Amino acid sequence: PEADINDIKMNVNGGDIDLIRDCNNRDFLLINTNIGYIKDSDLISYTKQSKEIVDIGFTKYSKNTYGFKFNSMNSLNNGYGRLKEEIIIDPLIYSTFVGGSEDDNRYNLSISVDSQGNAYVCGATSSPDFPTTPGAYDRTLNDDYGGDVFVFKLNSSGSKLIYSTLVGGSGYEIPSPISVDSQGNAYVCGE
């Protein structure tokens with residue numbers, strides 16, 4: 001309490017920050033790294049005690065530093081960024097690792113989340129031991145030089161691999177971003 005939200009600064013090493021405004025007038029953070037982009041949007045913020053939702057957005061301080069701002073005034077701030085109650089900003093829900101012994105997640109890594117919080121992930125791998133699940137479309141790496149596309153689904157707590165498969169042939173495959181419909185069906189295409 002009584003902290004100033006403008007004093008919170010996050011420094012990014014290994015990437016440059018862009019602040020982009022979408023068609024709904026919401027800002028999202030785009031971090032450009034040497035292996036691709038990381039997009040952060042839809043911050044989840046709430047008060048620690050009363051669990052009231054707090055409308056927080058990003059602000060950019062330099063090419064490598066960003067912070068947070070109030071998108072609207074409410075009973076939690078006095079217009080100057082000072083907080084009347086402790087808030088939680090964009091908490092980490094879970095962290096996990098899915099991969100093999102070689103190069104994974106190399107090209108066009110994408111993630112989509114369904115309404116139940118399950119994560120759908122798509123990328124490319126050259127790992128012959130990339131984890132797949134029984135009944136998968138393909139459990140064998142077909143091209144260890146260029147690699148195959150992987151598609152997997154994690155449950156909402158990140159503790160269980162619901163399905164995982166490889167997709168590819170003898171050539172070099174690059175996936176497009178994954179999409180998920182309201183029924184939980186995942187769609188991937190690529191080249």
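Which residue is the bridge partner of Asn-32 in S4? The partner of Asn-32 in that strand is Tyr-37. The notes below place this pair in its sheet and then turn to other parts of the model.

1. The structure under review is a predicted model. The mean pLDDT of the protein is 83, and 88% of the residues score at least 70. Confidence is lowest in S4, with a mean of 77, and highest in S12, with a mean of 94.

2. Three strands in the order S2-S3-S4 make an open sheet with antiparallel pairing. Strand S2 (15-21) and strand S4 (36-40) are the edges; each has a single partner strand, so one side of each lacks a neighbour in the sheet. From one strand to the next, the twist averages 25°.

3. Pairing within this sheet. S2 and S3 run antiparallel and are joined by seven bridges. Ile-20 has Phe-28 as its bridge partner in S3. Between strand S3 (residues 27-33) and S4 there are five bridges, again in the antiparallel sense.

4. Five residues separate S2 and S3 in their hairpin, and Asn-25 in the turn has a positive phi of about 65°. Of the seven residues of S3, six are buried, so the strand is largely enclosed by the rest of the structure.

5. Strand S11 and its burial. Seven of the seven residues of strand S11 (residues 148-154) are buried, so the strand is largely enclosed by the rest of the structure. Asp-148, Phe-150, Phe-152 and Leu-154 point one way from S11, while Val-149, Val-151 and Lys-153 point the other way; all are buried.

6. Neighbours of S11. S10 pairs with S11 in the antiparallel sense over seven bridges, and strand S12 (residues 161-167) pairs with S11 in the antiparallel sense over six bridges. Phe-150 stands opposite Leu-166 in S12. The hairpin of S11 and S12 has six residues between the strands, and Gly-158 there takes a positive phi near 75°.

7. Thr-125. This residue lies in strand S10 (residues 119-125), and its bridge partner in S11 is Asp-148. Thr-125 is buried, because its relative accessible area is 0%. A polar atom of the Thr-125 side chain lies 2.9 Å from the backbone nitrogen of Ser-127.

8. Aromatic pairs around Phe-130. The structure holds six aromatic pairs. In one of them, the ring centres of Phe-130 and Phe-150 are 4.7 Å apart with the planes at 20°, so the pair is stacked. Phe-130 belongs to the loop between S10 and S11 and Phe-150 to strand S11; the two are 20 residues apart and link distant parts of the chain. Both partners are buried, Phe-130 with a relative accessible area of 3% and Phe-150 with 0%. Phe-130 also forms a tilted aromatic pair with Phe-152, at 6.4 Å centre to centre and 40° between the planes. Phe-152 lies in strand S11, so this pair ties the strand to the loop between S10 and S11 across 22 residues of sequence. Phe-152 counts as buried, at 5% relative accessibility.

9. A further ring cluster. Phe-58, Tyr-66 and Phe-68 are linked into a cluster by ring pairs.

10. The salt bridge. A search of the whole structure finds one salt bridge. The side chains of Lys-48 and Glu-86 form a salt bridge at 3.8 Å, N to O. The partners are 38 residues apart and link distant parts of the chain: Lys-48 is in the loop between strand S5 (45-47) and strand S6 (56-62), and Glu-86 is in the loop between strand S7 (65-70) and strand S8 (87-89). Lys-48 is partly exposed, with a relative accessible area of 43%, and Glu-86 is partly exposed, with 38%.

How values were computed
Residues numbered from 1 in each chain as written. Predicted model: local features only at pLDDT ≥ 70, side-chain atom pairs only at ≥ 80, totals over all residues. Heavy atoms only, no water. Helix = DSSP H or I, 4+ residues; strand = E, 2+ residues; numbered from the N terminus. Buried < 20%, exposed > 50% of the residue type's maximum accessible area, 1.4 Å probe, protein only. Polar contact = N/O pair within 3.5 Å; in protein donor to acceptor, adjacent residues only side chain to side chain. Salt bridge = Lys/Arg side-chain N within 4 Å of Asp/Glu carboxyl O. Pairing = 2+ DSSP bridges. Axes fitted to C-alpha atoms, helices over the stretch in contact; angles between N-to-C directions. pLDDT = per-residue confidence, 0-100. Phe/Tyr/Trp six-rings, centres within 6.5 Å; stacked < 30°, edge-to-face > 60°.
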